[in-house]
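Dear colleague,

I am passing on the structure below, together with notes on its cavities and salt bridges.

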Amino acid sequence: MRSPTAVLTAAALTAALLVGSGGGAAGTDSSALAAATQAMPDAPYGAADGSPELMPDDQNSMILELELRPQDEERGQVWIRDTYVNRFEVDGATMYVATGTTRVPGLTKAAPWNDGIYVWIAPSLEGPWNLVDTTGIHPDQPKGKVWSPEFVGENTSDRTVVADWQSYRNPNNPATKAGNVWAPELHYINGKWYLAATMGDQSRLTGTFMLVSDGGPEGPYRNIEASIEHPLGEPVKATNPQYYHIDGGLFQDGDATYLVLHNDLYSKMTPDMENLENPTDLPRFDQQAYDPEPYLEGATVSKVGDKYYLMHAAWALKFGTPDDPTWSYLPDSGGVKDQYDAIVAVSDSFEGPYSPRYTAAIGAGHNNMFEDEDGTVWATFFRNPNAGYWAQPSKIDDAALPGVVRLEHSGPNGDLLAVAQGSIESRAPGRATLSDTSGHEYGLHDGDYEIAVDLWWGTPGRSVRVYENGDLVHERPLDVTPGAPQHVVVPVEGRDNGTYEYTAELINPYGATSTTSTTVTVRDAAPSVPIVSHDNWDRDDAFTVTADLWWGTNATAYRFELDGAEVGSGSLTSATPAAQHADVELAGVASGTHTLVVVFINEHGETSSKPITVTVT
């Protein structure tokens, strides 16, 4: 693990200072900026961040329990590089997929040959992770193997499963057999499954190809038109037709799908996904390169919210003394390979311009980002066993594994993504805010209102519970849109006058998080005060008594009382806060002075008018 003294590199510091400058990067808080200034005051752009907090650990990451293949039984874990995991909605259900570079029994690495591409699927990130069932497609091959140079015999006149350049060299000679598949990615785009992968250094040609499935994630797969004759794009150097650009992957942005190639190139795919719109002279990302630029690989682009994240793999070179080590991505630093890092730059658009790069995850190079169904952002990792930290004899058994690490937003604008601090269990929902609308519509606290639950930012809930004075009054499942706020409205009706305290909790599989509370005082549930009047100006024994409520909480019934005795009643139509009117004709009233009262009634109580007198002579 690296020294904690290198808290933030100049790259991250520069990215932080880009807030508001149009560079597309967010900032970080003032304490982090101060720490950066003190810890690495003269660090050049290209220095590697050594913060131990940026390394996946037992708290913020997990190793996926992929179904073992026969060659994995002895190790008890799948040996994998370039771990790729993603989540898709397929036929209305969540499907997670995993793949990566694997090796064959008897070899210590994925060279000079391997046996193709395996795919695992799961209903949740926690599993169970099962190999896709390929036994009906390739009955003589191990379960889960979806494509291999071995499938060359499946080619037909109109369907190229294995192109000539993808086939093994010397397939029948174990001593010289060569041809390996690197860094596969599986994507579900417009109802079809696409695999992007690379034929490695020992292959007939080195470069990226793309397959499309005629079925599900298990295949059967064939090459798209653009990768039949040669790898996608063009050779890195015209003088060396053996080497094309590697580590290609797909990125979908609305209606457009792009091929992203190692390390700075891309091309839009044609609408039928069979060719590149720019097969030569590929466009380049507008990014801020190091000087000198090191060898970078494993480029991917992810979109989280409205920001684009361009991620590369880079070796952090270690130099200095054992007591005062330093790390750099610059090839002229004089260091030796230590950690294979994930470095990231941020932009407001796919093409760029991108912010300066920063270290997002130590030892997590050649990976991808994805969001789970709760909106939590993750990155994959595998721990490179080829050199450095994870090649040590004490560490190598924990290398080449299918890992995922939780990322979190940082900076005042939340635009930076890096390894999250704290336990995976902190994936419990964020804390939502409770509010009420009592009195908002008419100014009356009449017992009819709404309770609103709002989660503006953070891990969403899968369900919500709302409590009134400690009693559960509402529970429902919630829709989850990664990165989007959650808003729940709970109608409340018919509460009597009194005080009501509301609390709620958002729930997901990792816990329940209490919201803030809101208190409603209902004081206008019973009818507002009516006014009683009469027209007995001549003081005879027959007259009309009238009741009027000019504005307020309405009644559903009324009762007139003369000297405490009921003399008329009826029903009223409630349309709060509209005016209400009632009257009664009285006759044969005895001589004397009498007291008149009207009582307005609803389900919450009775409200009497101020009494008046009437005199009969």
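The notes cover the cavities and then some of the salt bridges.

This is a predicted model, in which local features need pLDDT of at least 70 and side-chain atom pairs count only at pLDDT 80 or more, while totals for chains, interfaces and linings use all residues. Residues are numbered from 1 along each chain as its sequence is written, and side-chain values use heavy atoms, with hydrogens and water left out.

There are two cavities of 30 Å³ or more (a cavity is a set of points on a 1 Å grid over the protein atoms alone where a 1.4 Å probe fits but cannot get out; lining residues have an atom within 4 Å of a point).

The whole structure has 19 salt bridges (a side-chain nitrogen of Lys or Arg within 4 Å of a carboxyl oxygen of Asp or Glu). In one of them, Arg357 pairs with Glu293, with the closest N and O atoms 2.9 Å apart. Arg357 is buried at 1% relative accessibility, whereas Glu293 is partly exposed at 29% (buried is under 20% relative accessible area, exposed over 50%, partly exposed in between, with a 1.4 Å probe and protein chains only). Arg462 bridges to Glu373 at 3.0 Å between the closest N and O atoms. Asp115, Lys145 and Glu150 are linked in a salt-bridge network.

Regards

Notes:
1 Å grid on protein atoms, 1.4 Å probe; cavity = no way out; pocket = protein on both sides within 12 Å on 5 of 7 lines; lining within 4 Å. Points joined across faces, edges and corners; volume = space filled by probe spheres on them.
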